[in-house]
Structures are given as C-alpha cells and as structure tokens.
Amino acid sequence: MVDQSASAAVNRQIVFSSIPDGLPTLDNFTLVESPVPEPQDGQIRVRHLFLGLSPSARLRMAGDSDYGAGMPLGKPVQGQAVGVVDISRNPAFQPGDHLVVNGGWQSYSVTSGRGATRVDADLAPPSCALGLLGTSGMTAYVGMLDIGLPKAGETVVVSAASGSVGSVAGQIAKLKGCRVVGVAGGAEKCDYVTKTLGFDACVDHRAPGLPQRLAAACPEGIDIYFENVGGAVRSAVWPLFNDFGRVVLCGMISDYQNREGLTGPDWFPILTHRLTIRGFLLRDHADRRDAFLADMADWYRSGMVRYREDVADGLEQAPAAFIRLLRGDNFGKTLVRLADG
Ligand SMILES: NC(=O)c1ccc[n+]([C@@H]2O[C@H](COP(=O)([O-])OP(=O)(O)OC[C@H]3O[C@@H](n4cnc5c(N)ncnc54)[C@H](OP(=O)(O)O)[C@@H]3O)[C@@H](O)[C@H]2O)c1
C-alpha cells in the first residue's frame with residue numbers, strides 16, 4: 001500500500017528507538033506522526049517519494065564508530081531519500097525540483113539544500129537516483145575503475161553480485177574486457193547474474209563446497225576481488241589470488257551485526273602474491289561525480305548496464321525491508337516507496 005501521508009498533511013516518521021543486539025528487530029523502530037514541518041527563510045521542504053536503504057546504516061546504529069557518527073536515538077532513522085520540493089524559501093530551488101536529500105525515514109524533510117543533489121527526472125525514474133545513478137552506482141564506478149584498475153583479460157570476482165553495488169561493479173568490469181565471476185546467494189540470484197547481467201559465471205555461496213566451486217570458476221586465478229561481504233566468501237577467495245592482485249574493499253556486510261571477536265585473513269598471500277588491498281569510502285570521491293554521471297547515464301540509456309530494484313510499499317515497511325537487506329533476502333537496490341510523484 002502506498003503511504004498516504006502526503007495528502008493527509010501529517011509527517012510520518014520511523015524513529016530509531018533502541019540499539020539492536022545483532023540483527024535489528026522491528027522493536028528497534030517506532031512509527032510516529034507529527035505535523036508536517038514548515039521551512040524557514042533559506043530552507044526548502046521536500047516531500048519524499050522513495051527512501052534508499054543501505055547496509056552501512058547498521059554500523060551507525062551501534063553508536064559512534066570509525067564509519068561515522070552514531071545514529072541518534074529518538075530521531076528518524078538517517079538515510080537518503082529522493083523527493084520533490086513542495087515549498088521553497090530558498091531561491092536556489094523551485095517547487096517541483098527533484099532532489100536526493102539525507103532526509104531520513106519520514107514523509108517530509110526540511111533542509112537548507114546544502115548537500116542535496118539534483119535529479120534529472122527526464123533521464124530515469126527518480127528512484128534510480130538512489131541506486132544506479134546515485135550512491136550505489138557511483139560506489140561501484142569509483143571502486144572498480146579507480147581502486148580496482150581493471151585490465152582486459154583479467155579475472156574479477158564480485159561478491160553480493162546481484163546487489164545494487166555488486167551488480168554494477170561487475171558490469172563495469174565486463175565493459176573493460178575482464179572475465180567476471182559473481183558470488184551470490186541462491187540459484188535465482190546466480191541465474192540473474194549470468195543471464196541478465198552477463199557475468200561469465202556465478203557461484204552460490206549458500207550451497208556447500210564454496211571454496212572448490214569458486215576455484216573451479218576461476219581456473220586462471222583472481223586478479224581483482226571486489227569485496228562487499230567478508231566472512232566465508234572472502235575466505236574462499238583468499239587462496240586464489242594471482243601475483244599483484246587487488247582487493248577493492250567496499251564493504252563487509254556479514255560482519256556488520258557484530259564486530260566482536262572477528263579474525264582477519266591470512267597475511268602470507270599478501271606478501272607472496274604482492275597484493276594491494278585498499279578500502280575506500282564514497283564520500284572521499286565527490287570529484288568523480290561528473291564523470292560518473294556522464295558515463296553511467298550513457299550506459300543506462302544504451303542498455304549496456306542493467307539494474308533492478310527491490311521495492312517495499314509504505315513507510316511502515318522500512319524496518320522490515322532493512323532487516324531483509326541485512327539478512328540478504330533483498331534482490332536489487334532496497335527502496336521504500338512513499339508516494340508516486
Ligand atoms: N565503501 C562505500 O562507500 C560503500 C557505499 C555503499 C555501499 N557499500 C557497501 O557495499 C556493499 C553492498 O551494499 P548494497 O547496498 O549494494 O547492498 P546489496 O548488495 O544490494 O544487498 C546486500 C547483499 O549482501 C549479501 N549478503 C548479506 N549477508 C551476507 C552474508 N552473511 N554473506 C554473504 N553475503 C551476504 C546479500 O546477497 P546474497 O544473497 O547474494 O548473499 C544481500 O543481497 C555493502 O557491504 C555496503 O556496506 C560501501
């Protein structure tokens with residue numbers, strides 16, 4: 001059911017009400033209603049159309065961390081939204097402008113507009129600005145091209161290959177002439193990765209014998225590993241590196257629930273194969289935005305890059321959709337639709 005709050009002039013919010021212990025539960029979130037906020041001089045009000053959910057929000061729900069400031073309790077869950085300006089008291093914005101804002105899990109947000117990014121609603125549906133043409137696509141772009149430095153003929157392995165970042169990262173490596181092997185959970189996702197996205201192979205990490213099956217899928221070893229998940233997938237990748245292999249350390253979702261007692265991989269292959277391991281955070285790469293948008297818009301328009309969304313309807317579904325994302329039950333960019341236009 002689509003959220004009706006826009007017409008009811010009520011701001012519905014999902015408030016972060018308690019810190020999760022392990023995987024979040026619905027009890028960690030509370031739905032509240034308040035009057036729609038009024039913008040002051042210099043501010044705009046944005047009516048949210050879609051929320052974009054990201055695994056890293058779980059890290060910030062554990063308090064201040066090296067990933068960023070902790071998410072405050074008693075406030076709407078923080079995260080990106082795409083929406084439409086419905087009132088502007090800032091001459092830089094007009095009612096009807098489409099923007100991506102850090103507006104949180106609520107129907108409306110008020111902002112000065114600082115940090116907001118404009119959306120070209122003629123190029124693609126607005127939801128795309130949270131995924132392929134937004135944070136997910138740009139993370140894949142910067143990670144694969146600038147950190148991975150793919151060369152034609154190399155073997156690239158991408159974990160969470162059906163997901164919003166991994167699916168794009170692997171397709172970019174294909175565009176660069178690499179042999180691309182995905183790792184995904186389940187036969188349906190693996191089929192999508194090979195048949196729709198065009199990866200050369202995909203290995204199901206939820207079936208037995210992952211190390212052997214991954215080795216068989218990479219007979220010439222691995223030159224680049226685009227790391228999204230950590231855990232057992234990383235362990236299966238580790239013995240397979242070629243000399244001068246690169247690890248693009250984008251995320252480690254399997255470790256986000258609990259970082260206590262984690263152990264790292266064996267360091268010997270790093271020495272003997274002269275590996276480069278480089279973590280990156282998208283926020284350091286804003287200078288790449290214009291190049292990313294130009295390339296990705298081109299690839300999107302020409303059908304060279306495919307992409308899918310996993311959409312839940314209604315603000316009240318946001319906590320369940322977030323839990324599904326952290327469990328790996330999502331299939332594509334996880335979005336919550338609040339309104340249609
Ligand atoms: N560095 C940055 O600036 C940056 C920016 C954005 C995102 N990221 C990171 O990019 C990664 C992907 O994010 P996304 O938003 O695109 O999510 P996503 O890939 O759309 O969804 C997460 C996927 O992770 C997989 N997964 C979940 N638990 C797993 C486990 N225990 N073991 C193996 N796989 C598991 C699931 O796929 P399967 O069913 O296939 O296992 C799930 O679909 C995350 O690590 C995220 O934190 C980093």
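Analyst: Let us begin with a term: helices, of at least four residues, and strands, of at least two, are DSSP runs numbered from the N terminus. This is a predicted model, and in it Arg274 is found in the loop between α8 (268-272) and β13 (276-279).

User: Why is Arg274 called partly exposed?

Analyst: A residue is buried under 20% relative accessible area and exposed over 50%, with partly exposed in between. Arg274 has a relative accessibility of 40%, and therefore counts as partly exposed.

User: What makes the phi of Arg274 worth a remark?

Analyst: Most residues other than glycine have a negative phi. Arg274 is a residue other than glycine, yet its phi has a positive value, near 50°. Leu149 also has a positive phi, of about 50°, although it is not a glycine, and Leu149 is found in the loop between α3 (135-148) and β8 (155-159).

User: How do you know whether the length of helix α9 agrees with its number of residues?

Analyst: The expected span is 1.5 Å times one less than the number of residues. For the 13 residues of helix α9 (residues 289-301) this should give 18 Å, and because the end C-alpha atoms are 18 Å apart, the two values agree.

User: Which residues of α9 are buried, and on which side do they lie?

Analyst: The buried residues of α9 are Phe292, Met296, Ala297 and Trp299. They cover an arc of only 165° around the axis, which puts them on the same side of α9. On the other side of α9, Asp290 and Arg301 are exposed.

User: How do you know where the buried residues of helix α6 lie around its axis?

Analyst: In helix α6 (residues 210-217), the buried residues are Leu210, Leu214 and Ala217. Seen down the axis of α6, these buried residues fall within an arc of 60°, so they line one face of the helix. Gln212 and Ala216, on the other side of α6, are exposed.

User: What makes up the lining of the second largest pocket?

Analyst: The second largest pocket, with a volume of about 500 Å³, is lined by 22 residues, of which Arg234, Met252, Asp255, Arg259 and Leu262 lie nearest its centre. By class, 11 of the lining residues are nonpolar, 6 are polar and 5 are charged. Helix α7 (residues 231-237) gives the largest share of this lining, 3 residues, while domain 1 (5-131 + 307-337) and domain 2 (137-283) each contribute at least three residues.

Technical notes: Residues numbered from 1 in each chain as written. Predicted model: local features only at pLDDT ≥ 70, side-chain atom pairs only at ≥ 80, totals over all residues. Heavy atoms only, no water. 1 Å grid on protein atoms, 1.4 Å probe; cavity = no way out; pocket = protein on both sides within 12 Å on 5 of 7 lines; lining within 4 Å. Points joined across faces, edges and corners; volume = space filled by probe spheres on them. Nonpolar A, V, L, I, M, F, W, Y, C, P; charged D, E, K, R; others polar. Domains from an automatic or database assignment. Buried < 20%, exposed > 50% of the residue type's maximum accessible area, 1.4 Å probe, protein only. Arc of directions from axis to C-beta.
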